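Let's take a friendly walk through this model, starting with its sheets and ending at its ligand. Please have the structure open as you read.

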Amino acid sequence: MTPHWDVIVLGAGASGLMCSAQAAYNGNKVLVLDHAPKAAAKIRISGGGKCNFTNVDVSPAHFICQNPHFVKSALSRYPSTAFVELVERHGLAFEVRGGGKYFCAERALDLIQILRTECDWAGVHFQLKTQLESVQYRGGEYFLNTSQGTFCALKLVVATGALSFPKLKATGIGYELAKQFGLNVIATSPGLVPLTFSDKWQARFSELSGLSMTVCAQVADHSFTEAMLFTHKGLSGPAILQVSNYWQQGEPITLNTLPAYSETQLYQAFIELKQSGKSLPKWLNQFWPKRFTQIWLEVYSMETVLSNMSNERLQHYAKQLTHWVLFPANTAGYDKAEVTLGGVDTDDISSKTFESKQPNLFFIGEVLDVTGQLGGFNFQWAWASGMACGLAL
Ligand SMILES: Cc1cc2nc3c(=O)[nH]c(=O)nc-3n(C[C@H](O)[C@H](O)[C@H](O)COP(=O)(O)OP(=O)(O)OC[C@H]3O[C@@H](n4cnc5c(N)ncnc54)[C@H](O)[C@@H]3O)c2cc1C
């Protein structure tokens, strides 16, 4: 006999757990099905094992979506304060770091335990280590054929996340299901991802690998002042991950390597330095790691004493340092991306209930065309969309 459920949630990740608990509290018989051996692998490893689970200041402006209004309803109905209240009720020790980022004080596992406890209290059933083979819709019910037999439900919630970090069992099954049921999927690409240099730039800068410095990174109208990290293949660190969400292949990124200075202020500082007769490298080393100063002066054949330099030359240097224009070759791909841009088109989804145009088929979390900036926004989207959907079930 095929077991019948009111709701099957496909995906025991952040949004799936949130939705399941709420749907079960509403009185539904809920099954969560996942192919992974354990729930919420991404929560476990996120934030260096401490999970940046939300942010003090969450607004629609922190998200990328073809319809920027889509996120408003869920985010306003389940703000970050609501999630913080939930974890406080469970006694989670947490800390708020720079940029309003909430982290677990000890282990991300404690957060998973809270979500699992909520699911247990609500009576959610788990079916892990189960491979989905196909989904059929007949007689008003969804039949999931799996490696462990067939499961059937009146309502199916797709919470399978996106393509980033395939080693954590990420797949594109959510997009395939959307297409199977006639929904549109916006083209996907890696987001919050390191950027790679061309061979020429790699040769010049690879010896800086491991070195970190604060920059203001800019792509189009989006700029972020945070740490940047040199890697063997290119650039990473928060500033680069943030702009990667807005970068298109072939476009430049612009770095202000001295973000405390605008071009005009730096020119003024150089004039004063010229008059004082002090050396440029020593001055730069106040702000830059020494190795970066050394490589920069070599690569750009920059003179170290400004005394005999024309003001035009100083102006040129001020521009070069505050507008370092780089053309990344590519991104480091889904293997290194924290999120996936694009996904199930929100035009086909209700922003209130998360039901799609296909009756009783719901999509929540990262599988949707909604991507947050770095800072806990992606988990906040998982909680908010999961809760909104759970309440509607
Ligand atoms: C390294 C890393 C660090 C991150 N750090 C942060 C952070 O600190 N803060 C933040 O806000 N965001 C962070 N993110 C992003 C965040 O993890 C995701 O946005 C969030 O987990 C999305 O939730 P979700 O429920 O949509 O999907 P997920 O949490 O990815 O859950 C999807 C679930 O679906 C299951 N699944 C997939 N395919 C199938 C299938 N074919 N059959 C059955 N089950 C399937 C998976 O096993 C998984 O359990 C990070 C991501 C990565 C990769």
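## The three-stranded sheet

Three strands make up an open sheet, ordered β3-β6-β5 with antiparallel pairing. Its edge strands, each pairing on one side only, are β3 (52-55) and β5 (94-97). On average, neighbouring strands here are turned by 30° against each other, direction ignored. Two strands count as paired if DSSP finds at least two bridges between them. Helices (H or I, at least four residues) and strands (E, at least two) are DSSP runs, numbered from the N terminus.

This is a predicted model, in which local features need pLDDT of at least 70 and side-chain atom pairs count only at pLDDT 80 or more, while totals for chains, interfaces and linings use all residues. Residues are numbered from 1 along each chain as its sequence is written, and side-chain values use heavy atoms, with hydrogens and water left out.

Between β3 and β6 (residues 101-104) there are 3 bridges in the antiparallel sense; N55 has K101 in β6 as its bridge partner. Helix α4 (residues 80-89) lies across β3, β5 and β6 and runs at about 135° to β3. Contact here means heavy atoms within 4.5 Å. Axes are lines fitted to C-alpha atoms, for helices over the stretch in contact, and angles run from 0 to 180 degrees between N-to-C directions.

## The seven-stranded sheet

The order β17-β16-β13-β14-β15-β12-β18 describes an open sheet of 7 strands, with antiparallel pairing. At its edges, β17 (324-326) and β18 (330-331) each pair on one side only. Helix α12 (residues 311-322) packs on this sheet, where it touches β16 (253-256) and β17, and its direction makes about 115° with that of β16.

Strands β14 (residues 222-230) and β15 (residues 234-236) run antiparallel and are joined by 2 bridges. Within that pair, L235 in β15 is the bridge partner of F230.

## Around the ligand

Which residues come nearest to the ligand? They are S15, D34, T171, E366 and F379, out of 29 around it (a heavy atom within 4 Å). By class, this shell has 11 nonpolar, 13 polar and 5 charged residues (Ala, Val, Leu, Ile, Met, Phe, Trp, Tyr, Cys and Pro are nonpolar, Asp, Glu, Lys and Arg charged, and the others, Gly among them, polar). Helices α1 (14-25), α2 (41-49) and α13 (377-392) each supply at least two of the shell residues.

An oxygen atom of the ligand is 2.7 Å from a side-chain N or O atom of S15, and an oxygen atom of the ligand is also 2.7 Å from a side-chain N or O atom of E366.

Definitions and conventions. A polar contact is a pair of N or O atoms within 3.5 Å; within protein, one must be able to donate a hydrogen and the other to accept it, and residues adjacent in sequence count only if both atoms are side-chain atoms.
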